[in-house]
Amino acid sequence: MNLHEYQAKQLFAGYGIPVPASIVVDDLASAISGCENLPSSRYVVKAQVHAGGRGKAGGVKIVSSQDELAAAVKSMLGKHLVTHQTTAKGQPINQVLIETPCDIKHEFYLGALVNRSRERIIFMASSEGGMDIEEVAANTPDKIHTINIQPAAGLQAYQIRQLAFACGLGNQLKAFSQTMRGLYRLFRDKDLSMIEINPLVVTADGELLAIDGKINIDENALYRQQDIAKWRDATQEDEKEYRAHQFGLNYISLEGNIACMVNGAGLAMATMDLIKLHGGEPANFLDVGGGTTADKVAEAFKIITSDSQVEAILVNIFGGIVRCDLIAEGIIQAAKEVGLSIPVIARLEGTNVDAGKKLLQQSGLDIITATGLTDAAELAVKAVAKVSA
């Protein structure tokens, strides 16, 4: 789960990481009245969306008067921001963050994530922070310095010094140490999978300040992070993916026209690979889980058919924990509820497979039963070609 910048900074402040004075607002009146409490007559107005590249897309503006502030807020709120990390539609701007600007002397990058190959939290830092950090990583990777944290030992003082000196932050060592220790505690306490400050700046006064912040939380741990789970912003997520999440389904939108409904992530990946192998394009990744029910299958169908790109549906279920006849009942139930008008190819194997196939064949619906996974993929590709012809 992603957090907005203002939410990340709220957590930063609680862990001793310095951030600029700011307010977050969702209407113009609050912006004008709230800024009276900020210690500046100049402001930085930032669109709050779950995407990077806001500055280059007009989502960050520096203003010097109340009139300019009002114009900047009105130009953002209620609009969609399109960046290189969004779709062509962009992300809706429902809040803006208004901060006091600072005199930046130098920009740095500081972040942490889980290094799964090493089973460690890894910190990354660079003296080349800012909007072009991706180019730094691609073109001059030697300017990005890393340390891996041994879980039993935790973050060590020598590792902090190692990153500070590599980035030229010797004069800010104490403040940098406080920031790194705060990030490490925050990472562990809140079950994060990624945390990033870009830029972390040294001001003209020699102070260290977190100007931007990104946080991603491990969704598998949200059950023990209920306070943060309440911060989820569904408007920033794909509508179908969020709806699937509400029903315990693992769904990811793709760009093809053959929808997939599979039980098991590995089987889902294999199904998409076979669709590609036979010349088709998967429209989604959808894992309904090992213990799915007819109701969940029906909901999965509703989510799939809400995608106007879908021209055929491939159902690939291996009945181990779940019975194939229950899956068949869910398919039939959903097809009737949504008035299904596109072909469905079903490959069922496992527990009660014969009963499941019989239910599908006697349903009177446009459901094609496949004899194997390869057969199912071929039938799905042919069905789409027939629809498009």
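Q: Which residues are buried in helix H5?
A: In helix H5, which spans residues 157-166, Gln159, Ile160, Leu163 and Ala164 are buried, where buried means under 20% relative accessible area, exposed over 50% and partly exposed in between, with a 1.4 Å probe and protein chains only. Helices (H or I, at least four residues) and strands (E, at least two) are DSSP runs numbered from the N terminus. This is a predicted model, in which local features need pLDDT of at least 70 and side-chain atom pairs count only at pLDDT 80 or more, while totals for chains, interfaces and linings use all residues. Residues are numbered from 1 along each chain as its sequence is written, and side-chain values use heavy atoms, leaving out hydrogens and water.

Q: What covers the buried residues of H5?
A: The cover includes strand E8 (120-126), strand E9 (144-149) and helix H6 (173-189), with contact meaning heavy atoms within 4.5 Å.

Q: New topic: is Asn284 buried or exposed?
A: Asn284, which lies in strand E15 (residues 284-287), is buried, because its relative accessible area is 1%.

Q: And what does its side chain reach?
A: The side chain of Asn284 reaches the backbone oxygen of Cys260 at 2.8 Å. Leaving aside residues up to four places away in sequence, Asn284 touches several residues, among them Tyr251, Met272 and Ile304.

Q: Where is Asp325?
A: Asp325 sits in helix H11 (residues 324-338), and it counts as buried because its relative accessibility is 9%.

Q: Which residues does Asp325 touch?
A: Not counting residues up to four places away in sequence, Asp325 touches Asn352, Ala355, Gly356 and Leu359.

Definitions and conventions:
Polar contact = N/O pair within 3.5 Å; in protein donor to acceptor, adjacent residues only side chain to side chain.
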